[in-house]
Amino acid sequence: MPHPVWLFDLDNTLHNASHAIFPAINTNMNAYMARVLGKEGVDADPEVVNAARLAYWKRYGATLLGMIKHHQVPAEDFLREAHTFDELTAMIRAERGLARLLKRLPGRKILLTNAPRVYSREVVRHLGLHRHFAGHIAIESMRVHRQLRPKPSRLLLHKLLAREGVAARNCILVEDTLDNLKAAKMLGMRTAWVTQYLASNPNLRHRADNLPSPKFTKRPVYVDVKVKSVRKLPANLHRLR
């Protein structure tokens with residue numbers, strides 16, 4: 001296998017977003033949706049908001065897509081409101097040695113995140129990882145035929161493979177989200193599942209546009225490598241070839 005192209009997720013893969021960032025995003029997004037779904041200047045009830053989140057996620061794979069389609073919400077407004085923090089850097093928690101880890105891994109690394117660009121750029125720079133990524137693909141750039149197609153869209157992943165000129169078997173997706181890994185595996189990519197930051201609280205939203213992720217113990221068949229931390233990837237390289 002030639003040097004691979006690594007696709008790294010950001011939240012709950014390279015840092016612990018469940019600690020403080022996801023709860024804040026959850027609060028921000030619910031408040032925004034309550035305003036949009038409300039009537040005559042009165043915010044919608046939490047039950048209405050939660051029902052909409054669930055319905056849109058099940059139908060479209062992302063709450064954002066449902067809000068765009070059914071409420072004509074500009075994507076940039078939704079993302080900005082959901083990712084507004086008083087002091088983001090104080091909320092970031094991550095392991096030491098991530099820069100050394102990325103340097104050790106052979107091949108090109110691309111950041112592939114369903115988070116917005118401003119937010120993801122600030123997190124990566126705070127972690128000192130920006131210089132190790134050859135590319136940064138945030139949700140604003142995840143468009144196929146002018147339509148927003150965030151992960152786990154196979155159309156997005158297929159377009160990315162074509163743009164990078166890399167065969168699927170030479171590409172490795174490193175993620176905490178099983179749906180995204182499953183989509184990548186269906187295209188023939190290698191997959192690495194990072195588990196240490198999975199939320200143990202069933203009421204905590206896994207992502208701003210997703211639902212709670214169950215806490216799995218077994219490695220699904222579409223996951224090539226299950227690791228607690230990305231720092232374990234070098235020791236598992238032989239299983240990703």
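This is a predicted model: local features need pLDDT of at least 70, side-chain atom pairs count only at pLDDT 80 or more; totals for chains, interfaces and linings use all residues.
Trainee: What is the peptide bond from Lys-151 to Pro-152, cis or trans?

Mentor: That bond is cis, with omega near 15 degrees. Most peptide bonds are trans.

Trainee: What makes the phi of Asn-12 worth a look?

Mentor: Its phi is near 65 degrees, a positive value in a residue other than glycine. Most residues other than glycine have a negative phi. You'll find Asn-12 in the loop between β1 and α1.

Trainee: Now the rings. How many aromatic pairs are there?

Mentor: The count comes to five. One of them is Tyr-32 with Phe-78, whose ring centres are 5.9 Å apart and whose planes meet at 85 degrees.

Trainee: Why is that pair called edge-to-face?

Mentor: Two checks. Centres must lie within 6.5 Å, and 5.9 Å passes, so the rings pair.

Trainee: What makes the pair a tie between separate parts of the chain?

Mentor: Tyr-32 lies in helix α1 (residues 21–37) and Phe-78 in helix α4 (residues 75–82), so the pair ties together parts that are 46 residues apart in sequence.

Trainee: And how do you know whether Tyr-32 is buried or exposed, and Phe-78?

Mentor: Tyr-32 has a relative accessible area of 10% and Phe-78 has 2%. Buried means under 20%, so Tyr-32 qualifies and so does Phe-78.

Trainee: What about Phe-85 and Tyr-119: stacked, tilted or edge-to-face?

Mentor: Tilted: the centres are 5.9 Å apart, with 40 degrees between the planes.

Trainee: Which residues do ring pairs link into a cluster?

Mentor: Trp-6, Phe-8 and Phe-133.

Trainee: On to the sheet. In what order do its strands run?

Mentor: Six strands form an open sheet in the order β3-β2-β1-β6-β7-β8, with parallel pairing.

Trainee: What makes β3 and β8 edge strands?

Mentor: Each pairs on one side only; β3 is 135–137 and β8 is 225–227. Direction ignored, neighbouring strands are turned by 20 degrees against each other on average.

Trainee: How do you know that β6 and β7 count as paired?

Mentor: Four bridges join β6 (residues 171–175) to β7 (residues 190–194). Pairing takes at least two bridges, so four is enough. For instance, the bridge partner of Ile-172 in β7 is Arg-190.

Trainee: What does helix α7 touch when it packs on the sheet?

Mentor: Helix α7 (residues 154–164) touches β1 (5–8), β2 (108–112), β3 and β6, and its direction makes about 150 degrees with that of β2. Helix α8 (residues 178–186) packs on the sheet as well, touching β6 and β7, at about 170 degrees to β7. The buried residues of α8 pack against α7, β6 and β7; Leu-178 and Leu-181 are among them.

Trainee: Why is Thr-195 called buried?

Mentor: Its relative accessibility is 17%, and the limit is under 20%, so it counts as buried. Thr-195 is found in the loop between β7 and β8. Leaving aside neighbours within four places in sequence, Thr-195 is in contact with Lys-226, Val-227 and Lys-228.

Trainee: Last one: which residues lie nearest the centre of the largest pocket?

Mentor: Tyr-60, Leu-65, Leu-148, Arg-149 and Pro-150, out of 16 lining residues. The pocket holds about 350 Å³ of space. Helix α3 gives the largest share of the lining, three residues.

Methods:
Residues are numbered from 1 along each chain as its sequence is written. Side-chain values use heavy atoms; hydrogens and water are left out. Rings of Phe, Tyr and Trp (its six-membered ring) pair if their centres lie within 6.5 Å; planes under 30 degrees apart count as stacked, over 60 as edge-to-face and the rest as tilted. Buried means under 20% relative accessible area, exposed over 50%, partly exposed in between (1.4 Å probe, protein chains only). Axes are lines fitted to C-alpha atoms, for helices over the stretch in contact, and angles run from 0 to 180 degrees between N-to-C directions. Contact means heavy atoms within 4.5 Å. On a 1 Å grid over the protein atoms alone, a cavity is a set of points where a 1.4 Å probe fits but cannot get out, and a pocket is an open set with protein on both sides within 12 Å along at least five of seven lines; lining residues have an atom within 4 Å of a point. Grid points are joined across faces, edges and corners, and a volume is the space filled by probe spheres set on the points.
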